Amino acid sequence: MLWLLLLILYGIYKFYKSRRPLTKFDHFYERAFELEEKKRYGDALDIRNQGIELHTLTDLERADLHLANGRMLLKLKQYEESTKHYDASFKLAKYEKFPYSEGFDEVIEAYLYAGRKEDALIITNDMLKRQSYDRKFKKLEPLKEKLLSYEDSCRKSGRSETPQERMRRGSSPAARGKRSLARKPTAVSQASHTSSFVPFSSLDWVIVCLNLFFNEPTAFQ
């Protein structure tokens with residue numbers, strides 16, 4: 001009986017979601033994610049950009065939409081465009097106390113591929129300063145050491161080694177990040193909202209659990 005009720009509620013939710021106007025952060029985030037899953041990347045970008053232009057959203061919510069665009073463009077190997085969205089994201093969130101989230105290494109990866117090593121270090125340093133309110137940012141200290149080591153090796157070699165060359169040698173932070181990100185995800189990690197400024201609500205968890213039960217992708221993978 002309980003499962004029947006959940007099935008009915010899920011059907012109502014899916015029907016409403018497909019017809020609701022896009023006015024809130026969740027609306028833009030979820031609709032864009034669905035389009036991205038269908039490989040309609042241009043449409044996904046347009047939907048997120050519509051949300052970004054909507055000033056009724058908070059700075060953190062708009063920053064999160066930029067962050068999602070950056071991740072998608074990184075996946076498409078459009079590194080320069082990816083970092084432009086990351087730039088806009090961090091600018092909007094500069095004075096906000098967003099929590100530490102797994103996945104910042106992939107942000108740094110985008111900057112390395114775009115040839116912006118100095119900016120990668122600046123962002124990492126800014127993140128480390130946020131230990132004043134969230135000690136978990138301390139986890140990024142090894143990443144800073146790798147970036148500094150990367151700079152030193154380039155200076156000693158007398159040339160600017162590209163991230164691709166360093167990846168072939170298997171010792172770049174981007175290469176290590178890719179290996180760790182390439183692990184087969186668990187159901188829990190698939191439902192996590194990584195590299196995000198906007199926290200999860202209890203309602204989000206209910207929706208994620210229903211989507212996982214019915215084998216549907218969620219915007220929080």
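**Notebook: salt bridges and a cavity**

I looked up Glu 141 and found it partly exposed, with a relative accessible area of 30% (buried is under 20%, exposed over 50%, partly exposed in between, with a 1.4 Å probe and protein chains only). I note that this is a predicted model, in which local features need pLDDT of at least 70 and side-chain atom pairs count only at pLDDT 80 or more, while totals for chains, interfaces and linings use all residues. Residues are numbered from 1 along each chain as its sequence is written, and side-chain values use heavy atoms, with hydrogens and water left out.

Next I checked the partner of Glu 141, which is Lys 138, in a salt bridge whose closest N and O atoms are 3.4 Å apart (a side-chain nitrogen of Lys or Arg within 4 Å of a carboxyl oxygen of Asp or Glu). Lys 138 is partly exposed too, at 39%. I also traced a network in which salt bridges with shared partners join Glu 36, Arg 48 and Lys 75. My search of the whole structure gave 10 salt bridges.

I then looked at Lys 139, which forms a salt bridge with Glu 102 at 3.6 Å between the closest N and O atoms. Lys 139 lies in the loop between H7 and helix H8 (141-157) and Glu 102 in the loop between H5 and H6, so the pair ties together parts 37 residues apart in sequence (helices are DSSP runs of H or I, at least four residues, numbered from the N terminus). Glu 102 counts as partly exposed, at 47% relative accessibility.

Last, I looked up the lining of the second largest cavity, which by class has seven nonpolar, one polar and no charged residues (Ala, Val, Leu, Ile, Met, Phe, Trp, Tyr, Cys and Pro count as nonpolar, Asp, Glu, Lys and Arg as charged, the others as polar; a cavity is a set of points on a 1 Å grid over the protein atoms alone where a 1.4 Å probe fits but cannot get out, and lining residues have an atom within 4 Å of a point).

Conventions:
Helices (H or I, at least four residues) and strands (E, at least two) are DSSP runs, numbered from the N terminus.
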